[in-house]
Structures are given as structure tokens and as C-alpha cells.
Amino acid sequence: HRRPRDPAGLGMFAALGYLALVLVVAALLTRPVVRQRLLMKVREKELKIKQQEAEKLLLLEQEKAKREQMLAQLKLEEFTNIIVAKNKQIEMLEAENERGSNDASIRQLQHNSLLTEEQWANFKLLFEKVHTGYLQRLKEKIPSISPAEIRFMALAKLKLDSKEMASSLGVSPNAVRNVWFRLRKKIDLPEEVTWNDFADTI
């Protein structure tokens, strides 16, 4: 004789089966969500790493630019010191030139330009690193400005006087003043405005 099936046992088995089915279905349904969350976390971490790398790179570039600017500033100061020293040497020779023995040396110094075409190109690179955009703004403010006037205004930005400018350009102080006179007329500046004042407005 077969034993009668236990209804309670069958009910328990059915409940366990149903629970297992629910768990399987839930796992299948939540798997894409969990996977998506994991992907989001990975992407967030990658983005954070990229941002940190970009910030480090930017900091390195800023430090490099600062070092280059400081080096350019030192070289510009060296250039200015050379001009000042040359001008003082001319003044000393002129003071000693009672018998005319130093005429040749004075003329040679006066006409020895520190800004040849090649030197001017190098000077502009240094100048632009220290006074970024100055020459471009100058051209925009005075579209008809000449190359000689651009050099003049670059030296004016360095706070050089007429004798020091003359020493760097290999011309006379009168020639320097004539450049400023023509430039002042070109832009209709009042006579009381100095070239240093005007350079500070660029």
C-alpha cells in the first residue's frame, strides 16, 4: 500500500520552490542594475584620475611658464644693465675727452647697436614673455606705427631714457627724441605726456 502524501510537506516544497523562483527572477532583474552601478563607479574613478592628471599637468605648465618668465625677466634686466653700462662708458670717455684722443672710441660706442635685426628678434621673444601682449596692443592702438617706433616703445616700457635708448639702437639721443616727436604727433598726444607715461597705458 502506498503512503498518502503529506499535504503540509507538499505545501512546504511548493513554497520553497516559489521562493527559489522569486530569488532567481530577482537576481536576473537586479543583475543589470548592479552591473550598471559598478560601471558608473569605475567611470567615476577614471574621471577623477583624469581630472587629477589634468590638474597636475596644468600645475607643471604654470610652473614652467613662471620659470620661463623669470628667466626672461633676468635676461631683460641684463640687457638693460648692459645699455646703462655702455651709456656710462660713453659719458666717462666724453668727460675725459679734453684733447680729442677718445673721439674714435666714443663714435664706435655710439654707433654700436645692441639691437641688430637678429638681436631684435631674440629681444622680442624675451620681451613678450615678460610683457605679454604689449607689442600686439601697441599695433592695435597705433595701426600705422613704424618698426622704429615699435622698438622705441619697447625700450620705453623698460624705462630707458633717451641716452640709454640711443646706446641700444646705435643712434644719437636727438634721433631718439625725433622718433618720439613723430609718434606723439601721429597719435595727437599732449606735449606734457612722456613716453614712459604712454608706455604704461598700453
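**View 1. Helix α3 packs against helix α4 in this predicted model.** Helix α3 covers residues 117-130 and helix α4 covers residues 134-141. Their axes lie 8 Å apart and cross at an angle of about 95°. Since angles of 65 to 115 degrees count as roughly perpendicular, α3 and α4 are therefore roughly perpendicular to each other.

**View 2. A look at the residues where α3 and α4 meet.** From α3 come Lys124, Phe127 and Glu128, and from α4 come Tyr134, Leu135 and Gln136. What kinds of residues make up this contact of α3 with α4? Three are nonpolar, one is polar and two are charged.

**View 3. Glutamate 149 and lysine 186 form a salt bridge.** Side chains of opposite charge can pair when their charged atoms come close. Here the distance is 2.9 Å from N to O. Glutamate 149 belongs to helix α5 (residues 147-157) and lysine 186 to helix α7 (residues 173-186), so the pair ties together parts that are 37 residues apart in sequence. Is glutamate 149 buried or exposed? Glutamate 149 counts as buried because its relative accessibility is 4%, under the 20% cut-off. Lysine 186, at 36%, counts as partly exposed.

**View 4. Aspartate 200 and lysine 159 form another salt bridge.** Their side chains meet at 2.9 Å, N to O. This pair links distant parts of the chain, 41 residues apart: aspartate 200 sits in helix α8 (residues 195-200), while lysine 159 sits in the loop between α5 and α6 (162-169). Aspartate 200 is partly exposed, with a relative accessible area of 46%, and lysine 159 is partly exposed at 43% relative accessibility. How many salt bridges does a search of the whole structure find? Two.

Methods: Residues numbered from 1 in each chain as written. Predicted model: local features only at pLDDT ≥ 70, side-chain atom pairs only at ≥ 80, totals over all residues. Heavy atoms only, no water. Salt bridge = Lys/Arg side-chain N within 4 Å of Asp/Glu carboxyl O. Helix = DSSP H or I, 4+ residues; strand = E, 2+ residues; numbered from the N terminus. Buried < 20%, exposed > 50% of the residue type's maximum accessible area, 1.4 Å probe, protein only. Axes fitted to C-alpha atoms, helices over the stretch in contact; angles between N-to-C directions. Parallel < 35°, antiparallel > 145°, perpendicular 65-115°, else oblique. Contact = heavy atoms within 4.5 Å. Nonpolar A, V, L, I, M, F, W, Y, C, P; charged D, E, K, R; others polar.
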